[in-house]
Amino acid sequence: MATTASTPLHDDLVSALDASRVRFRAIDRALYAKDAGVTPGDAEVVVFPESAAEVAAVVKTAARHGMPVVPRGAGTGLAGGAVPTEPAVVVVLTRMTGIVVDEANRMAWVEPGVINLDLSRHTRPLGLHFAPDPSSQAACTIGGNVANNSGGPHCLAEGTTVNHIHALEFVDSRGEIRVVGSAAPDTPGLDVRGVLVGSEGTLGIVTRALVKLTPDPPAVRTILLGFPEVEGAAATVSGVIAAGVVPAALEMMDRPMTEAVERFVHAGFPTEAAAVLLAEVTGHPAAVEAEAALVERIAGEQGATTVRTAADDAERELLWKGRKAAFGAVAQAAPDYYLHDTVVPRTRLVEVMTGLYAIAERHDLLMLNVFHAGDGNLHPLMAFDASEPGTLERVQAAGAEIVRLSVEAGGVLSGEHGIGLEKRDLMPLMFSPMDLDGQARLREAFDPGGVFNPGKVLPSGSRCFDFGRPVPDGAWV
Amino acid sequence: MTSLRSLVARLFDGAEADAPGAPDADFVIAPRDRDEAARLLDIASEHGLVVLPWGGGEHQGMGGRVEPDIVLVTSSLDGVIDYQPEDLTVVVGGGTTVTDLEETLAEHHLTAVLPEHPGDGTVGGAIAAAASPWRRLRYGPVRDRMLQVTLATGDGRLVTAGGRVVKNVTGYDIPRLGAGSLGSLGVIVDTCIKLWPRGEASATVVVDDPERALGVAHKPLAVAGDAREARVYLSGTAREVEAQAADLGGKATSGLSWPHDPAGEVAGVVRVPPALVGDALDRLPAGAGVVAAFGVGEVRWASDTDPARTVLTEVRAWSETVGGSTVIARAPDGLYAEFDSWGSPPSTLDLQRRIKAAFDPAGVMVPGRLPGGV
């Protein structure tokens, strides 16, 4: 309810934490009822725990009051994963920022509020870094990365967040603090750790993660390639991988995006090119040299008109700044944007991009593309002005078509942003009722009362099959 | 039982099979497709019959012993279903042997990065046993290859999760949950695996200081051996392999000659944080054969029964105090009665039970095989 008067729930939370970290003024509730996407929600109260014990106390308190719990990091998500769909206790984890590095094992225990880039900065003196590097890495948190199994340009060779998590401490739906996984490999038993990663705050609240730290590569080469046709860029991506090389990153931008970025960053991107590829090879100096030569040769065969290798770290950083600032650059084109995230088999990139442009044209929308071409992870972005009546509806209709096009090409709903609210009702495009029921049962095993982040990931009615067999004694301890 | 026997005989006529080495069971059946597999599990749940899935029998020494009513042989759930070499994905039936799959992939210089010496092992079996290869140091454990899985659940549902692309966060990660599930949730009828290109060149370098080698070599496939001598496995372009071998400074030979698991009556694995592999080697009794995966935190060991007792008491106790485990991979029957296969049960037993029940509500899939008797 939209009241600023104290309630029994507020009082109990204040005694669990303290008054300064329990907020229920209208402005706080509005601020924390939204993520970086377009859908607002309904926060009843916002809390800022500073330890796992406090998170546990919050979960227990909320349960006593029959109030759902929605965990939240920096709120950079675009899929509505942190948006409370009904009045809820929003648990903001950004005050939990401890890092304990275990250099000998190349690991670190990291609290969920640590910002992704801060972790790699912290371990830089040791020559180690956290490999997942979403474009939002200067703002997004490790807890959010775990919740969404975040990727980034460099997950092409290194894998997404789940490949970099050895263990998790989390608070379960009964408010108990649990640990799954270990610094030792293959903890006996079912891999609960793997299920928690990417579960979008619906199975538990992660309070610490034991992350893998990756040695910095001894050599890096970053190459900017421009092509007169999208086909040439796509064929280069396929050709490089077919030649047995998986580069550290293979990023593509189309002309509208390149123009926007160049106006914003002035990195010397070729604005006349139909497609620009940013390729990065890392590793042993001898490998980097050979692999860079291979990338350049294949790009040449595919008609590249620009081939520019970053001469030094400064130029390399400038090229990456162009790539990672792409979404900021769009602000110059229009006041609002809607960024999508789907994956298609890499070999279908060209036909899917043709389809994307057709969708944009049909809905009279400006579309820009910047994406992880190496793993077929598309990020079509529609720039628009939400104050024009009917525009947001057109954007959302186009978005649904984009997802359908991707699934029809053999792809999936999301590569790294998650399902959240945004794609929840599109899940049946990929999964049968029985598949969704299987996922719903798994969720129930963690959270039988539906405490955590209700209304996310699975469409309502997913739990639809019941074979009616008795459960053996002791199975539901 | 008689009417049930005739019902099963009628429904699965022609699907009777052999499973050499499997424990005695009333029925040994190789379902001919995923629907038949699901139907058999449905009947098992209906009648409370215990099911033991059986691939090549390579990993059946793991976990608590199971006395099955039905041995479900996966040999007919085999074959490549959808192979996209340019997308680095392959969909295969769970009963496909690792050897057959790798042969198919080798034509395009690709690999599924499954165990290097698979024996008769199947893809489904390697995944269910979380049997990671030596190359895990570079490519991660077998679970990191799991893109999509179709499980025939303990109660006969066919549940597909994940997708056929190399990156995906659509829904819960049931494919990874299948890795290491040891048949406790159901049968892996098919799966989509992420592939990796094989390097154009490779070499094996003998070194006397594996910890130093881990610091010198960049992304080696593996560093494996014992405290006195280890081998560094390199792969990449010819010039890189040559340069890395020179950096390491040991004797290099072309190609990859993977270690075999040590031989002995009892076999198992000590798992500890990677920096403690040297300690683990020091603690293993002299009578045990060992191969360590440096940088991973794993020592595979094998021995006669007496040294094995020392491993399963003293080394196990130590490994658990440092957050690891000491597990049995294979042993004579008597030893399973003497020692738990896994050691101390995990602290999440309640959750493990509930997850199992989500897939196998009647509890017919390999009861007692997982840690803590789950």
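**Stop one: the domains of chain A**

Colour chain A in four pieces: domain 1 (8-92), domain 2 (99-215), domain 3 (219-328) and domain 4 (334-424), with bounds that come from an automatic or database domain assignment. This is a predicted model, where local features need pLDDT of at least 70, side-chain atom pairs count only at pLDDT 80 or more, and totals for chains, interfaces and linings use all residues. Residues are numbered from 1 along each chain as its sequence is written, while chains are lettered from A and ligands numbered from 1 in the order in which they are written.

Now keep domain 1 and domain 2 of chain A: their centres, taken over C-alpha atoms, are 22 Å apart. Domain 1 of chain A brings 14 residues to the contact and domain 2 of chain A brings 20 (contact: C-beta atoms, placed from the backbone, within 7 Å). On the domain 1 side, select α3 (52-64) and β3 (69-72) of chain A, which each supply at least two residues; helices (H or I, at least four residues) and strands (E, at least two) are DSSP runs, numbered from the N terminus. The largest share of that side, six residues, belongs to α3(A).

**Stop two: a helix in chain A**

Select α4 (residues 116-123) of chain A; its buried residues are Asn116(A), Leu119(A) and Thr123(A) (buried: 20 or more other C-beta atoms within 10 Å of the residue's own, with C-beta atoms placed from the backbone). Show β5 (99-102), β6 (107-110), β7 (128-129) and α5 (142-148) of chain A too, as the buried residues of α4(A) pack against them.

**Stop three: chain B**

Finally, bring in chain B: 79 residues of chain A are in contact with 76 residues of chain B. On the chain A side, α15(A) gives the largest share, ten residues.

Terms used: Two residues are in contact if their C-beta atoms, placed from the backbone, lie within 7 Å. A residue is buried if 20 or more other C-beta atoms lie within 10 Å of its own, exposed if 12 or fewer, and partly exposed in between; C-beta atoms are placed from the backbone.
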